[in-house]
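Let's take a walk through a protein structure together. Keep the sequence and the 3D view side by side while you read.

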Amino acid sequence: MGPSEASLWERSRAGDADAFGLLFERHAKTIYNYCFRRLGDWSAAEDMLTVVFLEAWRRRDTEVQDDKVLPWLFGIATNVVRNRRRSERRFAAALRRMPEPQPEANFAERSDERLDDEALMRPALDLLAMLPRHEQEVFALCAWMELSYEDVALALGVPVGTVRSRLSRARRRLRELDPAFGHEEGRTATVREALRP
Amino acid sequence: MTTDHSVPPLRELPTGRLTQRAEHLRAEIARSQPPRVPTLRRLRPQSRFGRLAPVVVAVVLATVVATPAFGVGRHLLDLITGGTPVSTARLSDQDLRFLSAVAKGVSPSDVPASKRAQLDAVGSTGIRQIAVRDGRAFFVIDKSDGSHCYAVGDEGDSNLFGGIECPATSFFPTPAHPILDMSVVRLSPADPRPTLTRLEGFAADGVARVAVITASGQVTADTPVIDNVYSAQGNQLPDQPINGLVAFGADGTQLYSQCLARNAQFGC
């Protein structure tokens, strides 16, 4: 068991890049998958992952409650995805310096898997895009990343009641837009669960 | 007809990419040293001279951790409390926008448009001018959460703030970081080692002097701390490249040193 989140964050705030690196390694997968689920593109999600953490480093003066670093990172990721072009511009030089990927042993298999993922994600994102932006964000965090209402509230900087009402409206609109949404036999239960009254 | 809108399972980053990205992130953080770059000087519109000086890049350097303090005096962490109140009406649009941006950790283009909202974003309870040295005015901005922002600018300029820092209270003033350096260095393609253009910054109670360590290891430009600030420029500064700064207490004890030239090929 490594150092606590709170301790790593305090050290990061004091300028300790190694502590921040540990936070990155701890949360990279989660944020990477969140970025993918918002963008539908694994490659873009990887770049956004870097941008999220560079932005988090830039904002490290922020006071974050103990053990709430991840929800705070979700908040940054949400802003980064929302303002993707601006975020990419801000960190363009850093992204250009990213080394080329090393070849993978089972590249073809993984590549097929990821193409399937992107194909699966596209219609879901198309439908979600019909909702107001703040409802999209609440839905993605609650339903697709399974964050608690409290953590979503912290990530988005809104009251818990607002999260509940936005999620409720999002579910209703999604059912209106596509009655089949969430009721089909899908690969995961997250959407179906999220739409459960 | 049913449509599959479920989401794919969580995936790991491709093999090797987590390590590669982590290394890249650490490298980018190191590149961005010092960690608290106020960048306001760089955000100001460039003068014609600035545009015509392609080989000179002015970079505001802030604090980089080097050596923890030794022999910290009892009063080292006394809060800076003096100075003359400054009305927020004296803040230019640019001052307010930049202060709001630095306080919130966002880009100046992201701050709210209204002055009222910008002031709210800063959470300022007062601004004090604590000193003027060598034509430079030093300000402390008190915030409602008990923390402070620190700013320095040309005395008499319509924009009060040339550089602004809003460090966490856990960062400055602390025994580990008893100075908040806001010096300006020059970098040139011919010699990537930094050369000081201006030495200035804020110091906690207990810091009596701040000096410069040159690339050859010489301690020079010994500058007194008066009213919690230090300032030196022109021929008071060494014309050779520098490695860092060092802060001393009144009894000559070295309290802190700071690297300003972190580089694999040279510096500290």
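Helices (H or I, at least four residues) and strands (E, at least two) are DSSP runs, numbered from the N terminus. What you're looking at is a predicted model, where local features need pLDDT of at least 70 and side-chain atom pairs count only at pLDDT 80 or more, while totals for chains, interfaces and linings use all residues. Residues are numbered from 1 along each chain as its sequence is written, and chains are lettered from A and ligands numbered from 1 in the order in which they are written.

Start with chain B, which has 5 helices and 14 strands. Of its 268 residues, 41% are buried. A residue is buried if 20 or more other C-beta atoms lie within 10 Å of its own, exposed if 12 or fewer, and partly exposed in between, with C-beta atoms placed from the backbone.

Now find strand E5 (residues 148-154) of chain B. With 6 of its 7 residues buried, E5(B) is largely enclosed by the rest of the structure. Which strands does E5(B) pair with? Two strands pair if DSSP finds at least two bridges between them. On one hand there's strand E4 (residues 136-143) of chain B, which runs antiparallel to E5(B) and is joined to it by 7 bridges. In that pairing, Phe138(B) has Val152(B) as its bridge partner. E4(B) and E5(B) make a hairpin with 4 residues between them, and in the turn Gly146(B) has a positive phi of about 95 degrees. On the other hand there's strand E6 (residues 163-165) of chain B, antiparallel to E5(B) over 3 bridges. Here Ala151(B) is partnered with Ile164(B).

Move along to the loop between E6 and E7 of chain B, where you'll find Pro173(B).

Next up is strand E9 (residues 191-203) of chain B, which pairs in the antiparallel sense with strand E7 (residues 179-181) of chain B over 3 bridges. Leu180(B) has Phe202(B) in E9(B) as its bridge partner. E9(B) also pairs antiparallel with strand E8 (residues 184-188) of chain B over 4 bridges, and there Arg186(B) stands opposite Thr195(B). Strand E12 (residues 229-233) of chain B joins in too, antiparallel to E9(B) over 5 bridges, with Arg198(B) opposite Gln233(B).

Two residues of chain B have a backbone worth a look. Asp134(B) isn't a glycine, yet its phi is positive, near 50 degrees. Asp134(B) sits in the loop between strand E3 (124-133) and E4 of chain B. Is Asp134(B) buried or partly exposed? With 13 other C-beta atoms within 10 Å, Asp134(B) is partly exposed. Ala221(B), not a glycine either, has a positive phi of about 50 degrees, but this residue is found in strand E11 (residues 219-224) of chain B. Ala221(B) is buried, with 20 other C-beta atoms within 10 Å.

Finally, hop over to chain A. Helix H2 (residues 17-39) and helix H3 (residues 42-58) of chain A pack at an angle of about 135 degrees, with their axes 8 Å apart. Axes are lines fitted to C-alpha atoms, for helices over the stretch in contact, and angles run from 0 to 180 degrees between N-to-C directions. So H2(A) is oblique to H3(A), since angles under 35 degrees count as roughly parallel, over 145 as roughly antiparallel, 65 to 115 as roughly perpendicular and the rest as oblique.
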